[in-house]
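Try each task yourself before you read its solution.

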Amino acid sequence: MIYYFGDSHTKGIGSNGSPKPEIWYHIPYSTYLTELLGIESKNLAISGNNFVINVLSLIQNLSEIEIME
């Protein structure tokens, strides 16, 4: 399982929230990577988050992250 934390570059915007949805449609790298690897993922990214907020989000969600042995 891959856990993603980040901003709109990680979350993606699709056409929701795009200033010009007919022109700008963003598929994030997280989608490409997950499809390429063919494994499950959980995207916890939130558009507009800065680095500090992303670190706090990671810390708050540590209990949900699966540890592979």
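**Exercise 1. Find the contacts that L33 makes beyond its neighbours within four places in sequence, and place L33 in the fold.**

Step 1. In this predicted model, setting aside the neighbours within four places in sequence, L33 touches I2 and Y4.

Step 2. Now look at the separation for one of these partners. I2 and L33 are 31 residues apart in sequence, and their C-alpha atoms lie 9.4 Å apart in space.

Step 3. Locate L33 in the fold: it belongs to helix α2, which covers residues 29-37.

Step 4. Finish with accessibility. L33 has a relative accessibility of 32%, so it counts as partly exposed.

**Exercise 2. Count the aromatic pairs and classify the geometry.**

Step 1. With ring centres required to lie within 6.5 Å, the count is one aromatic pair.

Step 2. The centres of the Y4 and Y29 rings are 6.1 Å apart and the planes meet at 85°, so this pair is edge-to-face. The cut-off to apply here is over 60 degrees for edge-to-face.

Step 3. Ask what the pair connects. Y4 sits in strand β1 (residues 2-4) and Y29 in helix α2, so 25 residues separate them and the pair links distant parts of the chain.

Step 4. Y29 has a relative accessible area of 44%, so Y29 is partly exposed.

**Exercise 3. Which residues make the nonpolar surface patch, and where does L62 lie?**

Step 1. The patch consists of F51, V52, I53, V55, L56, L58, I59 and L62, and its area is about 730 Å².

Step 2. L62 is found in the segment that follows α3 (51-60).

Step 3. Check the exposure of L62: its relative accessible area is 49%, so L62 is partly exposed.

**Exercise 4. Describe the whole protein chain in terms of its elements, burial, contacts and surface.**

Step 1. Start with the elements: the protein chain has three helices and two strands, in the order β-α-α-β-α from the N terminus.

Step 2. Turn to burial. The protein chain has 69 residues, of which 25% count as buried.

Step 3. Take the contacts with a separation of 6 or more: 68% of them join residues 24 or more positions apart.

How values were computed: Residues are numbered from 1 along each chain as its sequence is written. This is a predicted model: local features need pLDDT of at least 70, side-chain atom pairs count only at pLDDT 80 or more; totals for chains, interfaces and linings use all residues. Side-chain values use heavy atoms; hydrogens and water are left out. Helices (H or I, at least four residues) and strands (E, at least two) are DSSP runs, numbered from the N terminus. Buried means under 20% relative accessible area, exposed over 50%, partly exposed in between (1.4 Å probe, protein chains only). Contact means heavy atoms within 4.5 Å. Rings of Phe, Tyr and Trp (its six-membered ring) pair if their centres lie within 6.5 Å; planes under 30 degrees apart count as stacked, over 60 as edge-to-face and the rest as tilted. Patches are made of residues with over 30% relative accessible area and no salt bridge: like charges are joined within 9 Å, nonpolar side chains (Val, Leu, Ile, Met, Phe, Trp, Tyr) within 5 Å. Accessible areas come from the Shrake-Rupley method with a 1.4 Å probe; for residues, only the protein chains shown count as cover. A salt bridge is a side-chain nitrogen of Lys or Arg within 4 Å of a carboxyl oxygen of Asp or Glu.
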